[in-house]
Amino acid sequence: KTKGYREKHVLREAAKDVLIEEVYNREKHPFTSPPAAGEDPMMTLFEDVLASRALDDQPIFDPARARRALIDMKACPLDQRPAFEGRIQRVVSTTLMHQRFGMSGEA
């Protein structure tokens, strides 16, 4: 599926004869959700999960630092939020997965 750092290599090769050069050689760009703002559902989810006991129970992220990152994100200008938000989304999703499926360091 990859060749070096190039993703979707097999797909690109399979469609090479119908793709324009620009598309064939384009780097993959991640899809990102719109930034959370104000009292929207995403910000509410961030606040709820980061205030929960589930954050304290997950074994990967430092809960105090995660909570501080949300405070810092809310205090920064909107154009700087994406730098924080991706990290907060990872903490929140990991916390929810741990709560749902459980994880431990034990083999």
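Which residues are buried in α6? In this predicted model, the buried residues of α6 are R81, F84, E85, I88, V91, V92, T94, T95 and H98, where buried means under 20% relative accessible area, exposed over 50%, and partly exposed in between (1.4 Å probe, protein chains only). Residues are numbered from 1 along each chain as its sequence is written, and side-chain values use heavy atoms, without hydrogens and water. Because the model is predicted, local features need pLDDT of at least 70 and side-chain atom pairs count only at pLDDT 80 or more, whereas totals for chains, interfaces and linings use all residues.

**Overall fold**

- The chain contains six helices and zero strands; these are DSSP runs numbered from the N terminus (helices H or I, at least four residues; strands E, at least two).
- The order along the sequence is α-α-α-α-α-α.
- Of the 107 residues in the chain, 23% are buried.
- Among contacts (heavy atoms within 4.5 Å) between residues at least 6 apart in sequence, 47% join residues at least 24 apart.
- The chain exposes about 8200 Å², of which carbon and sulfur atoms supply 57%; accessible areas come from the Shrake-Rupley method with a 1.4 Å probe, and for residues only the protein chains shown count as cover.

**Helix α6**

- The 21 residues of α6 should span 30 Å at 1.5 Å a residue, and the distance of 29 Å between its end C-alpha atoms agrees; the expected span is 1.5 Å times one less than the number of residues.
- The cover over the buried residues of α6 includes α3, α4 (53–57) and α5.
- G102 follows α6 and has a positive phi, near 70°.

**Largest pocket**

- The largest pocket has a volume of about 250 Å³.
- On a 1 Å grid over the protein atoms alone, a pocket is an open set of points where a 1.4 Å probe fits, with protein on both sides within 12 Å along at least five of seven lines; the volume is the space filled by probe spheres set on the points, which are joined across faces, edges and corners.
- Its lining, meaning residues with an atom within 4 Å of a point, consists of F61, D62, R65, A66, A69, D72, F84, R87, I88, R90 and V91.
- Two or more lining residues come from each of α5 (63–75) and α6 (81–101), and α6 gives the most, with five.
- The lining divides into six nonpolar, no polar and five charged residues; Ala, Val, Leu, Ile, Met, Phe, Trp, Tyr, Cys and Pro count as nonpolar, Asp, Glu, Lys and Arg as charged, and the others, Gly among them, as polar.

**Residue R26**

- R26 lies in the loop between α2 (21–24) and α3 (41–50) and is partly exposed, at 44% relative accessible area.
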